[in-house]
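Trainee: Could we go through this model together, one question at a time?

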Amino acid sequence: MKAWTLLTELGELKGFEEQLGVNRPRGNSYSRDFRGPNWLDLRKASAEYADHDPAVLVIGGGQSGLSIAARLKQLNVDTLIVDREKRIGDNWRKRYHALTLHNQVQVNHLPYMPFPPNWPTYIPKDKLANWFEAYVEAMELNFWTETEFEGGSYNEKEGRWTVTLRCADGSQRSMHPRHVVLATGVSGIPSVPDIPGLKDFAGKVMHSSQYDDGENWKGKRAIVIGTGNSGHDIAQDLHSSGAKVTLFQRSSTLVVSIEPSAQLVYAPYNEGTLEDNDLIVTSMPLKLARKSHALTAEKSKALDKELLDGLEGVGFKLDFGEDNTGWQFKYLTRGGGYYFNVGCSDLIVKGDIALKQFADLATFTATGAKMKSGETIAADLVVLATGYKRQEELVRKLFGEAVEKRVGTIWGFGEEQELRNMYRRTGQPGLWFIAGGLAQCRIGSKHLALQIKAIEEGLLPRGA
Ligand SMILES: Cc1cc2nc3c(=O)[nH]c(=O)nc-3n(C[C@H](O)[C@H](O)[C@H](O)COP(=O)(O)OP(=O)(O)OC[C@H]3O[C@@H](n4cnc5c(N)ncnc54)[C@H](O)[C@@H]3O)c2cc1C
């Protein structure tokens with residue numbers, strides 16, 4: 001019998017094991033100091049950073065930031081998360097009204113603290129946001145809200161950063177962490193293509209990141225440009241709020257039904273332990289993973305045949321990812337370009353949401369979109385669901401061109417068959433990246449935390 005593939009991952013550092021379960025910390029019992037600081041006093045002091053700086057500064061307190069901070073906490077690495085939002089969880093709370101997660105609860109647990117067993121299969125955004133608050137409290141994470149990271153520079157000799165934070169009260173705080181982890185999600189810088197005549201449009205124009213609720217657009221006419229998840233979800237939200245919606249498609253899009261098709265890639269998580277499944281996901285060789293995803297994509301295509309035929313029938317341009325590897329590889333290589341159908345495709349097929357090709361647009365005018373055919377689509381609102389600029393742009397903005405060059409391309413598979421610069425050392429010592437869906441953050445945070453710990457303990461060199 002020959003082995004088909006051997007699955008390995010970085011699991012723990014000998015001598016620096018996490019103190020979990022039977023190895024949990026003892027806390028104070030008999031020997032407590034009745035006059036000394038209690039747990040709450042120590043928690044407060046630890047999060048204040050009045051007289052010291054953290055070893056690791058995490059920028060962004062979404063699932064990426066929480067996962068890495070929780071892992072580092074178990075490894076006794078002093079870590080502070082900063083986020084510009086007012087309240088922990090606002091990164092989810094502020095998304096569109098109807099949002100529930102697209103993948104199922106058993107795939108999405110944060111490290112150490114699984115979602116309760118009575119939780120719904122598809123978690124609503126506000127429930128997840130509130131869980132983030134509970135998680136920060138339960139995992140004792142140091143978290144500064146309303147704190148903007150403005151940028152920093154690295155001192156090679158000292159092996160530490162000088163960074164500037166804009167705090168909630170408007171004051172500036174300079175810090176010198178040895179590591180900065182960017183957990184900022186997508187770059188946050190909207191990507192807005194050059195759209196002819198859009199500046200002449202007299203109605204409201206907004207990027208998808210500014211959209212939160214369709215209620216104000218009841219009875220109005222809306223154009224949504226872009227057919228990824230955001231474009232579809234916003235079109236559907238506007239439609240169900242009573243707006244007349246036209247969706248413009250810019251390029252071919254992969255469409256997959258939320259259930260069962262989109263869930264097929266997570267099938268292993270329906271049995272076995274979370275740890276075993278995470279190991280399989282982590283260590284499956286890329287070539288094999290592509291093959292297995294192509295098989296899954298083929299199955300999805302067959303399951304969704306009626307829907308896909310209907311979409312093609314109304315002129316929707318479909319694709320199935322590079323080499324037909326399906327939605328997950330599109331996400332891993334491009335970060336988007338697909339839609340999980342939760343009903344918008346059906347509305348498009350029925351004609352309840354009109355579909356136009358962007359290539360057929362002549363120009364925008366004050367009143368709406370003028371097509372090359374001469375037809376005019378009147379509108380009060382244009383939503384640009386056109387995605388975000390690449391993370392590299394954010395690196396340049398925060399750290400300058402030299403650091404951007406040192407780091408290079410972020411995301412997508414590199415020569416080593418891993419996502420470039422994610423969850424691993426980058427060309428810039430002390431700068432790390434974490435991003436992705438909840439499962440990716442749970443998995444990636446483990447490896448990233450162990451590498452930072454190994455550097456802190458002198459087991460790995462600082463540089464790449
Ligand atoms: C509509 C929608 C549905 C999705 N559905 C799913 C799903 O079902 N399952 C799934 O796993 N994934 C889903 N995703 C994808 C992904 O999980 C999310 O985008 C997720 O929010 C990424 O988490 P994150 O922590 O990396 O980034 P974010 O959630 O974007 O958090 C980044 C944080 O960084 C902060 N920040 C950024 N810059 C700075 C700065 N300079 N200073 C201070 N703070 C800063 C922001 O305020 C923000 O809170 C969905 C995404 C969208 C848009």
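**The ligand shell and a strand pair**

Mentor: By class, the shell around the ligand holds 10 nonpolar, 13 polar and five charged residues, where Ala, Val, Leu, Ile, Met, Phe, Trp, Tyr, Cys and Pro count as nonpolar, Asp, Glu, Lys and Arg as charged, and the others, Gly among them, as polar. This is a predicted model, in which local features need pLDDT of at least 70 and side-chain atom pairs count only at pLDDT 80 or more, while totals for chains, interfaces and linings use all residues. Residues are numbered from 1 along each chain as its sequence is written, and side-chain values use heavy atoms, with hydrogens and water left out.

Trainee: How many residues surround the ligand?

Mentor: A residue is near a molecule if one of its heavy atoms lies within 4 Å of it. The closest include Q63 and H102, and the residues that surround the ligand number 28.

Trainee: How far is an N or O atom in the side chain of D83 from an oxygen atom of the ligand?

Mentor: A polar contact is a pair of N or O atoms within 3.5 Å. For the side chain of D83 and an oxygen atom of the ligand, the distance is 2.6 Å.

Trainee: Which residue of β12 is the bridge partner of L254?

Mentor: Strands are DSSP runs of E, at least two residues long, numbered from the N terminus, and two strands pair if DSSP finds at least two bridges between them. Strands β11 and β12 run parallel and are joined by four bridges. In β12, the partner of L254 is Y338.

Terms used
A polar contact is a pair of N or O atoms within 3.5 Å; within protein, one must be able to donate a hydrogen and the other to accept it, and residues adjacent in sequence count only if both atoms are side-chain atoms.
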